[in-house]
Amino acid sequence: MERADLFFKVGVEAFSKCEYAVAAHSFLVSLQLRESVCGKYHADVAETYAWLGKSYWYDMQFALAPDAFRRCYDILLQRPDIVPANDDHSRKMIETWIVKTFKVNGITYGSAYLEVVKISSQNQAAGDALLQQNKTAEAIEYFEKAQEMEQSWLLMTGIRPSLELADLHFKLAYIHAQDNSLDQSMSHYTKALSHYRCMQEATTVVSSAVNVAAIEANRVINSIPEDTMQQQHKPMDSAAI
């Protein structure tokens, strides 16, 4: 954690000097380290995402700021016990930042997005709890509900996919692979990879996710018997068309 804390301090110092691009890079590196050690739903991770969102905002990287604030918001929803070290990073303030970043991107119904996030977050929390109990079938139902909420927002607004939607596809792909539902697994891996690559310019965190998703997708492909693959790609008989 020492390296993560060091990069975080560099980011805060750069931010105080209005060196927002440097700050964003430092926070991204800190995020990778903190998430790998602490997991996704940790106070330090939430704090770092808040700083990252503000760095993007003041660097006028308005297309990148919403995802960072969204990640922070997700953590605060899942962990109401977290008391942010900075008053500007409270749940209420993060809601304000999300609405503000949507407005500058030409989307005037950021408040509706907050409701989507809340419902999606509730379903993901329920799915994660069931997954820990090895109740995969029930967990899938909740993850799919969360995915539908994220997808409906994407279709409604026409904006690019969120990191959360990509992660949900990745999670569903992994679960289906463990259950040997390989067709469904590959379908979700393909969507996850597509969403990650759509956003790859955004963060190094996404770049790492692309690599992991690609490795997992290849593992699933290699698990499918060759005769099954040939059958799946067999040209359709003209009578069947």
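N134 is found in the loop between α6 (110-132) and α7, where helices are DSSP runs of H or I with at least four residues, numbered from the N terminus. N134 has a positive phi of about 60 degrees, although it is not a glycine. With a relative accessible area of 66%, N134 is exposed; the cut-offs are under 20% for buried, over 50% for exposed and in between for partly exposed, with a 1.4 Å probe and protein chains only.

A quick word on the source: this is a predicted model, in which local features need pLDDT of at least 70, side-chain atom pairs count only at pLDDT 80 or more, and totals for chains, interfaces and linings use all residues. Residues are numbered from 1 along each chain as its sequence is written, and side-chain values use heavy atoms, with hydrogens and water left out.

M60 has a positive phi of about 60 degrees too, and it is not a glycine. You'll find M60 in the loop between α3 and α4. Its relative accessibility is 61%, so M60 counts as exposed.

Now for the helices on either side of that loop. Two packed helices are described by the angle between their axes and the distance between the axes. Here the axes are lines fitted to C-alpha atoms over the stretch in contact, and angles run from 0 to 180 degrees between N-to-C directions.

| Helix pair | Axis distance | Angle |
|---|---|---|
| α3 (residues 43-58) and α4 (residues 65-78) | within 8 Å | roughly 160 degrees |
| α2 (residues 20-38) and α3 | 9 Å | about 160 degrees |

With that angle, α2 is roughly antiparallel to α3, a label for angles over 145 degrees. The crossing of α2 and α3 is left-handed, meaning that the near helix is turned anticlockwise from the far one by less than a right angle. Contact here means heavy atoms within 4.5 Å. On the α2 side the touching residues include Y20, F27, R34 and E35, and on the α3 side D44, W51 and Y58 are among them. By class, this contact has 12 nonpolar, 3 polar and 3 charged residues; Ala, Val, Leu, Ile, Met, Phe, Trp, Tyr, Cys and Pro count as nonpolar, Asp, Glu, Lys and Arg as charged, and the others, Gly among them, as polar.

The crossing of α3 and α4 is left-handed as well. In α3, residues including V45, G53, K54 and W57 meet a set in α4 that includes F69, R71, C72 and I75. That contact has 13 nonpolar, 1 polar and 2 charged residues.

On to the aromatics. Rings of Phe, Tyr and Trp (its six-membered ring) pair if their centres lie within 6.5 Å; planes under 30 degrees apart count as stacked, over 60 as edge-to-face and the rest as tilted. The count comes to 11 aromatic pairs. W57 and W97 have ring centres 5.7 Å apart and planes at 75 degrees, so they are edge-to-face. Since W57 lies in helix α3 and W97 in helix α5 (residues 91-104), the pair ties together parts that are 40 residues apart in sequence. W57 and W97 are both buried.

F170 and Y189 are edge-to-face too, at 5.7 Å centre to centre and 70 degrees between the planes. F170 sits in helix α8 (residues 163-178) and Y189 in helix α9 (residues 182-198), 19 residues apart. Y189 has 0% relative accessibility, so it counts as buried.

There is also one aromatic cluster, made of F8, F15, Y20, F27, W51, W57, Y58, F62, F69 and W97.

Terms used: Helices (H or I, at least four residues) and strands (E, at least two) are DSSP runs, numbered from the N terminus. Angles under 35 degrees count as roughly parallel, over 145 as roughly antiparallel, 65 to 115 as roughly perpendicular and the rest as oblique.
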